[in-house]
Amino acid sequence: MVTKQLLKGLPEDADLRRADSLAREIFSDVANKWAFLIIEALGERTLRFSELRNEVEGVSHKMLTQNLRMLERNGLVDRKVYPTVPPRVEYTLTEPGRALRATVDAMCAWTHQYLGHIEDARRHFDV
């Protein structure tokens, strides 16, 4: 977490500890499993909605739509609509989205690194 010292000179909206800050709202938006998985799936390539849904196993049409809209609203995903019949829609990460992907990749690496440890801890806890 960012200390008060590091926040000095920044607007109040940058403080994640404040319930009403924009930073907290953005953090809440992107720190969910579907957003992380969508960002990971998009990676460096452009995908259509159906391709993205196939990549993110278990996501419903509604959840994928909601998360794509949220990511687009926050400027992390670009949505391009082609005037064809039926319309073709493609999604790609923006520059900030690609920057966030580095964090998502780190979270994925952390999960892989500590998966065995977490499985052991759960087995001991659930006894």
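Student: How many salt bridges are there by the rule used here?

Tutor: The count comes to nine salt bridges, in what is a predicted model.

Student: What makes Asp-20 and Arg-18 a salt bridge?

Tutor: Their side chains meet at 2.9 Å, N to O. The cut-off is within 4 Å, so the pair qualifies.

Student: Why is Asp-20 called exposed?

Tutor: Asp-20 has 56% relative accessibility. Exposed means over 50%, so the word applies.

Student: Is Arg-101 buried or exposed, and why?

Tutor: Arg-101 has a relative accessible area of 18%. Buried means under 20%, so Arg-101 is buried. Asp-105, at 29% relative accessibility, is partly exposed.

Student: What links Asp-120 to Arg-123?

Tutor: A salt bridge links them, with the closest N and O atoms 2.3 Å apart. These two residues also lie in helix α6, three residues apart, about one turn of the helix.

Student: Why is Arg-123 called exposed?

Tutor: Arg-123 is at 51% relative accessibility, and the cut-off is over 50%, so Arg-123 is exposed. Asp-120, at 36%, is partly exposed.

Student: Which residues do salt bridges with shared partners join into one network?

Tutor: Glu-40, Glu-44, Arg-101 and Asp-105.

Key
Residues numbered from 1 in each chain as written. Predicted model: local features only at pLDDT ≥ 70, side-chain atom pairs only at ≥ 80, totals over all residues. Heavy atoms only, no water. Buried < 20%, exposed > 50% of the residue type's maximum accessible area, 1.4 Å probe, protein only. Helix = DSSP H or I, 4+ residues; strand = E, 2+ residues; numbered from the N terminus.
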